[in-house]
Amino acid sequence: MLFRTMWKPNSGNDVRFSSLMRRYISASGRSVLDMAAKDGELRVFIVSGEVSGDSIGSRLMVSLKKLCPLPIRFSGVGGSMMSRQGLISLFPMEDIAVMGIWELLPHLNKFRLRLKETMEAAFLFQPHVVVTVDSKGFSFRLLKQLRANYSQQGLDGPVHFHYVAPSFWAWKGGEARLKGLAEFVDQVLCILPNEEEVCKSNGLAATFVGHPILEDLLELNLGKDTSPYEWKVERNFEDFRSKNGIPAEATVISLLPGSRLQEVTQMLSIFSNTMELLKDFFPELMSVIHVAPNQHVENYITGIVHKWPVPAILIPGGLPHLKYDAFSASRVALCTSGTVALEMQLARLPCVVAYRAHLLTEWFIRYKAKISYISLPNILLDSAIIPEALFQACTPSKLASLLMESIHNESLREEQIVAAEKVIRLLYPTERHIKSFLQPDYTDFTPSIIAASTILYYVKR
């Protein structure tokens, strides 16, 4: 199987790969790497505005350092994971971690100031490459202004990459807006199937690199000879329960309230009231609260957990092994909509997805959205496999009812587990796709490796 050999840290193939790819592009033009060689270093300006982007950005930084034969300097905005890879963030990532439309208004002035500060820093850094990771509201404004700044001064600017395609498939008129992105985005690194094809059909260069969640799977299953179609993260639930004093007969629910402070403050109160309702049905009910690596979120949850209606265990973010240990010890999960729904697929843990926002934001979503679901597994399969409680229907009583059914109804649980295999299968490029992009004898593949390769060997027009 292809994926049995794709994850080989320190395989010693880096120099050979660079040499092969250099010969491959030599006939077609000068790559980013060739241009950086003139300066004796590669300068990468990278920006992420939220926790999931911080994880993607940090892995990209690791892969760039692994593949690039030149010294690399990074500048930009990121969180704790990117800082561990050498980034000194211009300001706290949380300053631009604002979701929604109307929710942005109170932060608009700070948002504009941070945008101006970031653009000026990028211009002074003189990067060969600018990479923005998700956070399209901030990212696209930055790339557009930066491209305009270089153009006004008659300068040849850096290559612009945007990692994680905007969810054009979710909105009415979404595909039409892709055409405008080509003016300031040189290439999109797509993480979902079919995005590459649609981007290209609308004049926007794109590469499907695979979903970053696969790297959790590859790291946690390191050394296991497992077919990709059977992949799941298996952890030691007995050890987790023992270390945390969880009785064998206790019912454990994993709670994932989100990564941004504004969503956590809203969703966690709903989750708390839900647990209050459930404790009457489960005498030994316990909760595991997964805390995103966001200092504001950490402070908030630590401050209110003493009022929690049932015993709670806090799981710090950024520790995949501990996170999946907690999943393995849980009977079900309650998630705020986001990437976490895909993590449940890897863990084969049945879940319920919840989402609330400002009333005007919810109205806008109802009016503009062209899809029926909000969680990625349901979107990818076009089926309501995972129960969703959205907007006004997202109440403690509704969530409690859905969780009760997910705990007791074995047929529904099995339906989610079986569907998870189909979802995971969709998240990585096909063998044909990989062979068309990478050299045939190169096997050290991850989504971030393909993304880094795309950047390094991009030929500037």
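This is a predicted model: local features need pLDDT of at least 70, side-chain atom pairs count only at pLDDT 80 or more; totals for chains, interfaces and linings use all residues.

Biologist: Where is Thr 118 found?
Modeller: Thr 118 is in helix α5. Helices (H or I, at least four residues) and strands (E, at least two) are DSSP runs, numbered from the N terminus.

Biologist: And which residues does Thr 118 touch?
Modeller: Leaving out residues up to four places away in sequence, Thr 118 touches Phe 45, Val 47, Val 77, Leu 90, Phe 91, Phe 138 and Leu 142. Contact means heavy atoms within 4.5 Å.

Biologist: Zoom out. How many helices and strands are in the chain?
Modeller: The chain has 20 helices and 12 strands. It has 461 residues, and 55% of them count as buried. Take the contacts with a separation of 6 or more: 73% of them come from residues 24 or more positions apart.

Biologist: Phe 138 came up. Which residues of α6 are buried?
Modeller: Phe 138, Ser 139, Phe 140, Leu 142, Leu 143, Leu 146, Asn 149 and Tyr 150 are buried in α6. The buried residues of α6 pack against β1 (42-48), α5 (108-125), β3 (129-133), β4 (159-163) and α7 (178-181).

Biologist: What should the 17 residues of α6 span?
Modeller: Helix α6 (residues 136-152) should span 24 Å at 1.5 Å a residue. The expected span is 1.5 Å times one less than the number of residues. The end C-alpha atoms of α6 are 24 Å apart, which agrees.

Biologist: What about the loop between β3 and α6? What is phi of Asp 134 there?
Modeller: Asp 134 lies in that loop, and its phi is near 55°, a positive value in a residue other than glycine. Most residues other than glycine have a negative phi. Ser 135 is in the loop between β3 and α6 too, with a positive phi near 45°.

Biologist: Is Ser 135 buried or exposed?
Modeller: Ser 135 counts as buried, at 12% relative accessibility. Asp 134 is partly exposed, with a relative accessible area of 24%.

Biologist: And just after α6?
Modeller: Gly 154 sits there, with a positive phi of about 65°.

Biologist: New topic. How many salt bridges does the structure hold?
Modeller: It holds 18 salt bridges. A salt bridge is a side-chain nitrogen of Lys or Arg within 4 Å of a carboxyl oxygen of Asp or Glu. One of them joins Glu 50 and Arg 260, with the closest N and O atoms 2.6 Å apart. That pair links distant parts of the chain, 210 residues apart: Glu 50 is in the loop between β1 and α3 (51-67), and Arg 260 is in the loop between β7 (251-256) and α11 (261-278). Both Glu 50 and Arg 260 are buried.

Biologist: Which residues are linked in a network of salt bridges?
Modeller: Arg 59, Glu 215, Asp 216, Lys 323 and Glu 343 are. Lys 323 and Glu 343 meet at 2.9 Å, N to O. Lys 323 lies in helix α13 (residues 320-328) and Glu 343 in helix α14 (residues 340-347), so the pair ties together parts that are 20 residues apart in sequence.

Biologist: How do α9 and α13 cross?
Modeller: The axes of α9 (residues 213-220) and α13 come within 11 Å and cross at roughly 90°. That makes α9 roughly perpendicular to α13; the cut-off for that is 65 to 115 degrees. Axes are lines fitted to C-alpha atoms, for helices over the stretch in contact, and angles run from 0 to 180 degrees between N-to-C directions. Ile 213, Asp 216 and Leu 220 of α9 meet Pro 320, His 321, Lys 323 and Tyr 324 of α13.

Biologist: How many residues of α9 are buried?
Modeller: 7 of the 8 are buried, so α9 is largely enclosed by the rest of the structure. The buried residues of α9 pack against α3, α13, α14, α18 (410-426) and α20 (447-456).

Key. Residues are numbered from 1 along each chain as its sequence is written. Side-chain values use heavy atoms; hydrogens and water are left out. Buried means under 20% relative accessible area, exposed over 50%, partly exposed in between (1.4 Å probe, protein chains only). Angles under 35 degrees count as roughly parallel, over 145 as roughly antiparallel, 65 to 115 as roughly perpendicular and the rest as oblique.
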